[in-house]
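I opened the notebook to record what I looked up, going from the whole chain down to one residue.

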Amino acid sequence: MKKMWVLMLVTVLLLSACSSGGGGNTASEGEQASNEITIWAWDPSFNIAALNTAKEAYQKDHPDLKINIVEYAQNDIIQKLNTGLNSGTSNGLPNIVLIEDYRSQSFLNAYPDAFKDLSSNFTASDFADYKLGPTAFDGKQYGVPFDSGVTGLYYRTDLLEQAGYKAEDLQDITWDDYIQIGKDVKAKTGKDLITLDPNDLGLIRMMIQSAGSWYSKEDGKTPDLAGNAALKEAFVTYKAMMDANVVKLNSDWSQFVAAFNNGDVSTIPTGNWITPSVRQEASQSGQWAVAPLPKMAGQANSVHASNLGGSSFYVMNNVPGAEQAADFLGKTFGSDKQLYQDLLNSIGAIGTYKPATEGEAFDKADEFFGGQKVFADFAKWTEEIPSVNYGINTYAIEDILVVEMQNFLNGKAIDDVLADAQKQAEAQLN
């Protein structure tokens, strides 16, 4: 009888141990204090550099906290997160992870208990409005917004001047105007207007967000393609650009950058994160400027501001050290104005923390861009970006649209293109 009692007691203790954190996936694990946290991010010259700057600032007052910053490719981070979270264990996962804004809602919807509520660690209203949708779920803020993907129209002043255009001619243009400028520049200089990868619909994203539209309805789940007026106009504009013979095609990032570094194209409508790549061709200093993004002619609510890319920081709820990780984010990217000034000066990273958009770093004239105060302009345009719900299916829908875009360019009617895309999205995603 005594042996049976001992056996029962051991069994109970083992079961208790297994259910109380042996798998590392309970909230109590995250509540455990730790003198060490780990952060995952990608891009050594941008995100990793920004984290190292934040680490240095934080450790001035918190020298005992060890902060490990680990670089992975973005796709590897996504895979590791999905593998870990699907397994039901937080073993091997970091305290903090950087997630692209287009992907964040898919994680928050699929794993709502995996991320820590950071609502009390920073003031959400201090950040650009358009960044708060992707980082929120069920009325709570789970991500600390980081960089702005605010867009602009980078252009070669010397090439446009040869075609008769000056800075003032680019301040309030539509995409139709933009294409006409491209034709004139091509006729005068032989240079293409833009370089595009047929498998990358970044230009479409910029266009539709400028009109407050996206691929899904407001719920972030229901595909909104067939009746989407902004998307239809964006497709038509894209084709008009191709038909105008002003596009230099590329198939990867290196070809994309080479097209403007080599002087093969006269403009780059894209996110501000391209600035370091533009600067790397030092011989072109003083020959570049940045104008507001063109707006959509047929959409009354379209503005000269949009977004492409951008990411935010999240704390894993069930990893020991979650409180320390949340404190780190709150006191650095969540509230440190000087940090954002330093990031702008050191790596050209434009954050979305509104109190930091006034300061010496933003007010500097940039000689590479002909003395233009480009950071001040980008900060202004950031405030004008329409808020949209990227939802949970951005990339899945784009996989469909990439194919349908080629069908459209090859002669398929636009209404049929979007209707078929709608049917495919509904079949695959619902």
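I began with the charges and noted 32 positive and 55 negative side chains in the protein, the centres of the two sets lying 3 Å apart; Lys and Arg count as positive and Asp and Glu as negative, with His and the chain ends not counted, and each charge is placed at NZ of Lys, CZ of Arg, CG of Asp or CD of Glu.

Before going on I noted that this is a predicted model, in which local features need pLDDT of at least 70 and side-chain atom pairs count only at pLDDT 80 or more, while totals for chains, interfaces and linings use all residues. Residues are numbered from 1 along each chain as its sequence is written, and side-chain values use heavy atoms, with hydrogens and water left out.

For secondary structure I found 17 helices and 12 strands, taken as DSSP runs (helices H or I, at least four residues; strands E, at least two) and numbered from the N terminus. The C-alpha trace spans about 95 × 50 × 35 Å along its principal axes.

I then looked up burial (under 20% relative accessible area, 1.4 Å probe, protein chains only), and buried residues make up 52% of the 430 residues. Of the contacts (heavy atoms within 4.5 Å) with a separation of 6 or more, 76% join residues 24 or more positions apart.

Last, I turned to N47, which lies in helix α3, residues 47-58. N47 counts as buried because its relative accessibility is 3%. Leaving aside residues up to four places away in sequence, N47 touches A41, W42, L98, F146 and S311.

Notes: Buried means under 20% relative accessible area, exposed over 50%, partly exposed in between (1.4 Å probe, protein chains only).
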